[in-house]
Amino acid sequence: MKCEFSSGAILYTKVDNEFRYVLVTESNGTKGFPKGHVENGEVSTETAIREIKEETGVTAVLLDNIKRTIKYRISSNSMKQVIYYAAYFENQNLMSMDKDIIGVDMYDINTALSLLRFSELRNILIEFDYILHENNY
């Protein structure tokens, strides 16, 4: 079975000392986290940083000790594996430079959870939010 590899991030900042999470809106209307294919010669952290910049316009700092991997089927003979890192930014404007991204916005945890279609993404966001709060990031 063929497997595609991608990397991305649960991207956050703080507004008035509260966490705000960045979701991108893909051309099909689905909201998710910035991510993309690992290119030849890249390691997953490099891919995550590149994809964050392309899809949101910000330069982020990865917390590479906070990461989770999900796998899912994309066709009858193909899987996708995505590594998500926690990533932080501050004092930058959101603006996508990716033709496949039609929107990029920040949300509080409850709104972000309500907008995510896939349970795997909601679960990662819940877990990362807990870790970030518990460790005073």
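## Strands, loops and the asparagine residues

Helices and strands are DSSP runs, of at least four residues (H or I) for a helix and at least two (E) for a strand, and they are numbered from the N terminus. The structure described here is a predicted model. In these terms, asparagine 17 is located in the loop between S1 and S2. Its phi is near 65 degrees, a positive value in a residue other than glycine. Most residues other than glycine have a negative phi. With a relative accessible area of 61%, asparagine 17 is exposed, because the cut-off for that class is over 50%.

Asparagine 136 also has a positive phi, near 55 degrees, although it is not a glycine. This asparagine 136 belongs to the segment after H3. Asparagine 136 counts as exposed, at 68% relative accessibility.

## Helix H1 and its surroundings

Helix H1 comprises residues 44–56, 13 residues in total. From its first C-alpha to its last, H1 reaches 18 Å, close to the 18 Å expected at 1.5 Å a residue. Glycine 57 follows H1 and has a positive phi, near 80 degrees.

The buried residues of H1 are Ser44, Thr47, Ala48, Arg50, Glu51, Ile52, Glu55 and Thr56. An α-helix has 3.6 residues a turn, so residues three or four places apart point the same way. The cover over the buried residues of H1 includes the strands S1 (2–15), S2 (18–26), S4 (35–37), S5 (61–75), S6 (78–88) and S7 (101–107).

Threonine 45 is another residue of helix H1. At 24% relative accessibility, threonine 45 counts as partly exposed. Not counting residues up to four places away in sequence, threonine 45 touches Leu62, Asp64 and Tyr85. Its C-alpha atom is separated by 16 Å from that of tyrosine 12, which is 33 residues apart from threonine 45 along the chain.

The structure holds 7 salt bridges. Side chains of opposite charge can pair when their charged atoms come close. Arginine 50 takes part in a salt bridge with glutamate 42, at 2.7 Å from N to O. Both arginine 50 and glutamate 42 are buried. Arginine 50 also forms a salt bridge with glutamate 51, where the closest N and O atoms are 2.8 Å apart. Salt bridges that share partners join Glu39, Glu42, Arg50, Glu51 and Glu54 into one network.

Leaving out residues up to four places away in sequence, glutamate 51 touches Ser7, Pro34, Lys35, Gly36, His37 and Thr56.

## Lysine 35 and glutamate 26

Which residue forms a salt bridge with lysine 35? The partner is glutamate 26, with a distance of 3.8 Å from N to O between the side chains. Lysine 35 is placed in strand S4 and is buried, with a relative accessible area of 18%. Glutamate 26, by contrast, counts as partly exposed, at 27% relative accessibility.

Apart from neighbours within four places in sequence, lysine 35 is in contact with Ser7, Gly8, Glu26, Glu51, Glu55, Tyr72, Val82 and Tyr84.

## The largest pocket

Rolling a probe the size of a water molecule over the atoms shows where empty space is left. The largest pocket has a volume of about 490 Å³. It is lined by 22 residues, of which Glu26, Thr30, Lys35, Tyr72 and Lys80 are the closest to its centre. The salt-bridged pair described above, lysine 35 and glutamate 26, is thus included in that central group, so named for its position at the pocket's centre.

Several elements contribute to the lining: S2, strand S3 (31–32), H1, S5, S6 and helix H3 (119–134) each supply at least two residues. S5 gives the most, with 3 residues. By class, the lining has 9 nonpolar, 3 polar and 10 charged residues.

Key
Residues numbered from 1 in each chain as written. Predicted model: local features only at pLDDT ≥ 70, side-chain atom pairs only at ≥ 80, totals over all residues. Heavy atoms only, no water. Expected span 1.5 Å × (residues − 1). Buried < 20%, exposed > 50% of the residue type's maximum accessible area, 1.4 Å probe, protein only. Contact = heavy atoms within 4.5 Å. 1 Å grid on protein atoms, 1.4 Å probe; cavity = no way out; pocket = protein on both sides within 12 Å on 5 of 7 lines; lining within 4 Å. Points joined across faces, edges and corners; volume = space filled by probe spheres on them. Nonpolar A, V, L, I, M, F, W, Y, C, P; charged D, E, K, R; others polar. Salt bridge = Lys/Arg side-chain N within 4 Å of Asp/Glu carboxyl O.
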